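Please open the structure in your viewer and keep the selection tool at hand. The tour goes from stop to stop, and each stop says what to select.

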Amino acid sequence: MMAQTSESPHAARERVSADERPRNRHERHLAGSRRATREARPGWTRPPRIFEPSFSGVGLVVGALFIAVSLLPSLLPRGSVVQGVATGVSFMLGYGIGAAGHAIWNYLEIPNLRGRARTIVAWVLLGFIGLMLASAIWGWVGWQNEIRHTFGMDDLHPTAWPLVIGSGLLTAALVLIVSRSFRTLFRWAGDTLDRWLPRRLAITLSTAGLLLLLWLLVSGALVQGFFAGANAIFSVRDTNDKAGVEEVTSALRSGSPASTVEWEDLGRQGRSFVSSGPTIDELDGYNGGGAREPIRVYVGLKSADTLEERAQLLLDELIRTGAFDRKVLIVGTTTGTGFLEPNGVDSLEYLFNGDTAIAGLQYSYLPSWISLLADQQAVKETSQEEFRVIHDYWAELPETSRPEMYLYGLSLGSYGVESVLSSIDIINEPIDGALLSGPPFVNLLHNELERTRDAGTPQWLPTVSEGRTVRFTGEVDSLDAPTSTWGDTRIVYFQHGSDPVVFFTPTAFYREPEWMQGTRAPDVSSTMAWFPLVTGWQLLLDLPAAGSVPEGYGHMYSVTGNLQAWVGVTEPEGWTDADTDALAAHLEERVVEQRTLLEQLGD
């Protein structure tokens, strides 16, 4: 079922490239005999050239099926362009499978259906796929708006479909051109070796050699070049400040005149961290007095040459500011750019009326979606060294007078926290707890806990060992669900069922994820279905969009959810559920005010 275009005699002669023209009559005779033998095989057709408008009929049919599947629900609502990219790639996946399958069918010389049987089967398949495609197109807007309503977002704009179609066609065309270009390259390599080697040996060797070369190129030069280029770009951005950031003057902040860390060396995220947060007046205004100014210390990549020096500088800052005299000490692991989530740290400072100290250490210039690939070792080493230096000092202090120590990390920062939780340094002097928000799918401890969860509990909200040490929660506080006694060291995983950063897995390309089976998380569509290859691709596309949804969904963790998690981890004396509700309402109002101010400042 391969549609063919007519070819002039001149074009037919042009098909033989300069590399294929033998240098003498004997080679010309052998090459011509090989081509004649190959082209005489039953079912053999010349593959279309790179820009030739000729397509496999079977490939188009299977591609149409994959278009229908690509329009089915995913974890997050999709923008029009993102949906177009998903549909374009899905179509080409289906087209490639169909075209390759039909080619293999003909190569094996399996008889094709003919006559009336072929017509009946073709119309039945086309009718089924047509109905499925029409249903998917009709239902796409419905499920998109359903999820958007769940997330508190506006309905789709009427211009959505033209953007989907346009971006889908462009994506499919680009994938087709690239695919045909690679096929041409592989055929050229095979035909070149065919002059001196048996045909099958030539194809095998040329294919293996090119695959190895491409792998080395992609995994070596291209990947390293991408990371180096990204690092250069984002290191420049690290010198620019966010809107509203002003140089600090308080001695309790790094970068101040009293600090041993220079303001310019803190980096973009570090300067934002130390210059923000609740003031004494704001804390007194809510808690009725008695507040202390929260301590925030930070060391940037430019503050010292080596990791060991930066970690020691961070400890010096903690000692200088009197951090070890506070009620609570937070050893924070940042995200890729050095970011510490305001919803996470501000809520803790309100919870303890400012009697807190929070430390952060930058390890990269890259945003988390790149750091997830490039900086896993860097975040691990940084977290362990930061913790070792601070923990060693803290462990030598009198137990009755030193602060409670907690670990905190969002996203890739939680990966660093896990590396500390599994280190031997923590055994002799255990910490008081840890909060890990939005743990990415690369977190080995998190994945192991999910695999070994108590029977009958879902993957998106597991119970592990009856909740004696580790508990999971979401936007709806579920920390009290386990009935066993929670130990002295409390570890909380705070995650959304709709967060692809947490629940993406490469196995989704060929196996249905467990979180799609049985009862689903309240923020996951009940109509989302699994389909081989396509679901994995959809989840992969959801990853970069995870931070572009409202707070409380995807990879956006709200101040209320963070507060609830901190209450569970720290267990403040005399604190009640009513206190949590009241403070959450106040913090939500504060977030809205800050967001409005940032919009006015143009950030």
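This is a predicted model: local features need pLDDT of at least 70, side-chain atom pairs count only at pLDDT 80 or more; totals for chains, interfaces and linings use all residues.

Residues are numbered from 1 along each chain as its sequence is written, and side-chain values use heavy atoms, with hydrogens and water left out.

**Two helix pairs**

Helices (H or I, at least four residues) and strands (E, at least two) are DSSP runs, numbered from the N terminus. Select helix H3 (residues 57-70) and helix H5 (residues 115-151), whose axes are 8 Å apart at an angle of about 25°. Axes here are lines fitted to C-alpha atoms, for helices over the stretch in contact, and angles run from 0 to 180 degrees between N-to-C directions. H3 and H5 are therefore roughly parallel; angles under 35 degrees count as roughly parallel, over 145 as roughly antiparallel, 65 to 115 as roughly perpendicular and the rest as oblique. Their crossing is left-handed, which is the term if the near helix is turned anticlockwise from the far one by less than a right angle, with right-handed used if clockwise. Contact means heavy atoms within 4.5 Å. Among the residues that meet are Val 61, Ala 64 and Leu 65 in H3, and Leu 126, Ile 129 and Met 132 in H5.

Next, select helix H4 (residues 80-107) and helix H6 (residues 160-193). Their axes come within 7 Å and cross at roughly 40°, which makes H4 oblique to H6. H4 passes H6 in a right-handed crossing. The residues that meet include Gly 84, Gly 88 and Phe 91 in H4, and Gly 168, Thr 171 and Val 175 in H6.

**Aromatic rings**

How many aromatic pairs does a search of the whole structure find? The search finds twelve. Rings of Phe, Tyr and Trp (its six-membered ring) pair if their centres lie within 6.5 Å; planes under 30 degrees apart count as stacked, over 60 as edge-to-face and the rest as tilted.

Select Tyr 286 and Tyr 350, an edge-to-face pair with 6.3 Å centre to centre and 80° between the planes. Tyr 286 lies in helix H9 (residues 280-287) and Tyr 350 in helix H11 (residues 342-351), so the pair ties together parts 64 residues apart in sequence. Buried means under 20% relative accessible area, exposed over 50%, and partly exposed in between (1.4 Å probe, protein chains only). Tyr 286 is partly exposed at 27%, whereas Tyr 350 is buried at 2%.

Then select Phe 441 and Phe 504, also edge-to-face, with 5.0 Å centre to centre and 70° between the planes. Phe 504 is buried, at 7% relative accessibility.

For a charge over a ring, select Arg 402, which lies over the face of Trp 394 at 3.9 Å from the ring centre. The criterion is NZ of Lys or CZ of Arg within 6 Å of the ring centre and within 35 degrees of the ring normal.

Select Ser 411, in the loop between strand E4 (404-410) and helix H14 (412-421). Ser 411 has a positive phi of about 60° although it is not a glycine. Is Ser 411 buried or exposed? Ser 411 is buried, with a relative accessible area of 7%.

Last, select Asp 241, in the loop between helix H7 (199-237) and helix H8 (267-274). Asp 241 counts as partly exposed at 36%. Leaving aside neighbours within four places in sequence, Asp 241 is in contact with Arg 268 and Arg 271.
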